[in-house]
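The structure is shown first.

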Amino acid sequence: MTPNWNVHTKWAKRAGIDELVADVVNRFIDYGARYCIYDKKDLLYYDENERMVERQLKYFYRMDQEKKFSNENIYVKAYYIHHLLDFFTETRIDKKDIDLLFKQFLIEKVIIEFSDNNEIINFRKEIEEIFQLLKENKQELYDDLER
Ligand SMILES: [Zn+2]
């Protein structure tokens with residue numbers, strides 16, 4: 001079960017993400033692009049064992065690298081928001097314990113870093129910003145998720 005798209009879009013916007021960017025990310029994650037996520041060249045390096053969440057993260061990170069209108073990793077941020085909201089509706093963890101929920105989210109649902117040419121790229125900053133925003137607006141978030 002996933003929250004409806006309005007909720008995804010709303011919280012992406014609250015995190016300062018353009019609606020069009022959020023829309024691309026939300027569609028991509030929910031409808032999938034299993035077979036076209038990388039261009040042909042990259043298919044050579046396609047790793048069967050790589051988890052879908054990892055492939056998505058690398059893809060969105062690349063979108064962030066290529067875009068010109070902002071230096072922030074907004075595609076990556078929209079990716080984390082999407083998966084986090086999904087996790088809220090999937091998990092059996094008591095939602096009132098938001099810190100535990102955040103912790104488990106990072107363990108069970110997503111990855112927070114990957115290596116690229118021997119360099120570790122991590123997204124702690126983006127994740128922390130999202131956690132902060134949701135924590136500060138906890139009740140509003142819960143109301144949205146319950147609808
Ligand atoms: Zn989803």
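This is a predicted model: local features need pLDDT of at least 70, side-chain atom pairs count only at pLDDT 80 or more; totals for chains, interfaces and linings use all residues.

Sorted by class, the residues in the contact of helix 2 with helix 5 are eight nonpolar and two polar, with no charged ones.

## How the helices are arranged

Helix 2 covers residues 19–31 and helix 5 covers residues 74–90. The two pack with their axes 9 Å apart, at an angle of about 50 degrees. Helix 2 and helix 5 are therefore oblique to each other. The crossing of helix 2 past helix 5 is right-handed.

## Ile74 in the contact

Is Ile74 buried or exposed? Ile74 has 23 C-beta neighbours inside 10 Å, so it counts as buried.

Leaving aside residues up to four places away in sequence, Ile74 touches Ile17, Val21 and Asp64. The C-alpha atom of Ile74 is separated by 8.4 Å from that of Gly16, although the two residues are 58 residues apart along the chain.

## The protein as a whole

The protein has eight helices and two strands. Along the sequence they follow the pattern α-α-α-α-α-α-β-β-α-α.

Of the 147 residues in the protein, 23% are buried. Among contacts between residues at least 6 apart in sequence, 59% join residues at least 24 apart.

Terms used. Residues are numbered from 1 along each chain as its sequence is written. Axes are lines fitted to C-alpha atoms, for helices over the stretch in contact, and angles run from 0 to 180 degrees between N-to-C directions. Helices (H or I, at least four residues) and strands (E, at least two) are DSSP runs, numbered from the N terminus. Angles under 35 degrees count as roughly parallel, over 145 as roughly antiparallel, 65 to 115 as roughly perpendicular and the rest as oblique. A crossing is left-handed if the near helix is turned anticlockwise from the far one by less than a right angle, and right-handed if clockwise. Ala, Val, Leu, Ile, Met, Phe, Trp, Tyr, Cys and Pro count as nonpolar, Asp, Glu, Lys and Arg as charged, and the others, Gly among them, as polar. A residue is buried if 20 or more other C-beta atoms lie within 10 Å of its own, exposed if 12 or fewer, and partly exposed in between; C-beta atoms are placed from the backbone. Two residues are in contact if their C-beta atoms, placed from the backbone, lie within 7 Å.
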